[in-house]
Amino acid sequence: MVKLLSIDSSTSSTGYSIFIDGKYEKSGCIDLKNYKEDKLQKMVDSLFHLIDTEAPDIVVAEEMVVTRNAQAARNLTMLLGAIYGKCFEKQIFWFVLRPT
């Protein structure tokens, strides 16, 4: 059995899907749009909890798209780096896809 966690990351609303042996299992959204303080840290904590709970074999994330908002770009870069670090720590295969 191979479990894949797909992440469409954002600091305010991150979508995810779980696939087992290539078949869709479930999906969800971590919605922090109304969260005011330490939103980046809360999203990192939420994604770490998701990774710990789901224990995927593979994590796939969408590559960051350059935006006009420099702070949003920095936060998304830090978020993707945190996810990569968690995958490295847990020896989970990590792959980034360019959005189409």
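Two strands are taken to pair if DSSP finds at least two bridges between them, and the strands themselves (E, at least two residues), like the helices (H or I, at least four residues), are DSSP runs numbered from the N terminus. The legends below describe a predicted model, in which local features need pLDDT of at least 70 and side-chain atom pairs count only at pLDDT 80 or more, while totals for chains, interfaces and linings use all residues. Residues are numbered from 1 along each chain as its sequence is written, and side-chain values use heavy atoms, with hydrogens and water left out.

**View 1. Strands β4 and β5 and the crossover between them.** Strand β4 (residues 58-62) pairs with strand β5 (residues 93-97) in the parallel sense, over five bridges. Within this pairing, Trp94 of β5 is the bridge partner of Val59. From β4 the chain crosses through α2 to β5, and this β-α-β crossover is right-handed, a term used if, with the strands pointing away from the viewer, the path from the first strand over the helix to the second runs clockwise. Val96 also lies in strand β5 and, at 33% relative accessibility, counts as partly exposed; here buried means under 20% relative accessible area, exposed over 50% and partly exposed in between, with a 1.4 Å probe and protein chains only. Leaving aside neighbours within four places in sequence, Val96 is in contact with Ala61, Glu62 and Glu63, where contact means heavy atoms within 4.5 Å. The C-alpha atoms of Val96 and Ser6 are separated by 9.8 Å, although the two residues are 90 residues apart along the chain.

**View 2. Strand β1 and its two partners.** In a regular strand the side chains alternate between the two faces of the sheet. Strands β1 and β2 run antiparallel and are joined by six bridges, with Ile18 in β2 as the bridge partner of Leu5, and a hairpin of four residues connects β1 to β2. Strands β1 and β4, by contrast, run parallel and are joined by four bridges, and there the bridge partner of Leu4 is Ile58 in β4.

**View 3. The largest nonpolar core.** A nonpolar core is a set of buried Ala, Val, Leu, Ile, Met, Phe, Trp, Tyr and Cys residues joined through side-chain atoms within 4.5 Å. The largest one holds 22 residues, of which Leu5, Ile7, Leu47, Val59, Leu79, Ile83 and Trp94 touch the most other members. Two or more residues of this core come from each of β1 (3-8), β2 (13-20), α1 (39-54), β4 and α2, and α2 gives the most, with six residues. Not counting residues up to four places away in sequence, Leu47 touches Ile7, Thr14, Ile30, Leu79 and Ile83.

**View 4. Aromatic pairs.** Rings of Phe, Tyr and Trp (its six-membered ring) pair if their centres lie within 6.5 Å, and planes under 30 degrees apart count as stacked, over 60 as edge-to-face and the rest as tilted. By this rule the count comes to three aromatic pairs. In one of them, the rings of Phe19 and Tyr24 have centres 6.0 Å apart and planes at 75 degrees, so the pair is edge-to-face; Phe19 is partly exposed, with a relative accessible area of 26%. Tyr84 and Phe88 form a tilted pair, at 6.4 Å centre to centre and 35 degrees between the planes. Both of these residues lie in helix α2 (residues 70-90), four residues apart, which is about one turn of the helix. Tyr84 counts as partly exposed at 42% relative accessibility, whereas Phe88 is exposed, with a relative accessible area of 62%. Ring pairs link Tyr84, Phe88 and Trp94 into a cluster.

**View 5. Lys86 over the ring of Phe48.** Lys86 lies in helix α2 and is buried, with a relative accessible area of 8%. Lys86 lies over the face of Phe48, at 5.0 Å from the ring centre; a charge sits over a ring if NZ of Lys or CZ of Arg is within 6 Å of the ring centre and within 35 degrees of the ring normal. Not counting residues up to four places away in sequence, Lys86 touches Phe48, Ile51 and Asp52.
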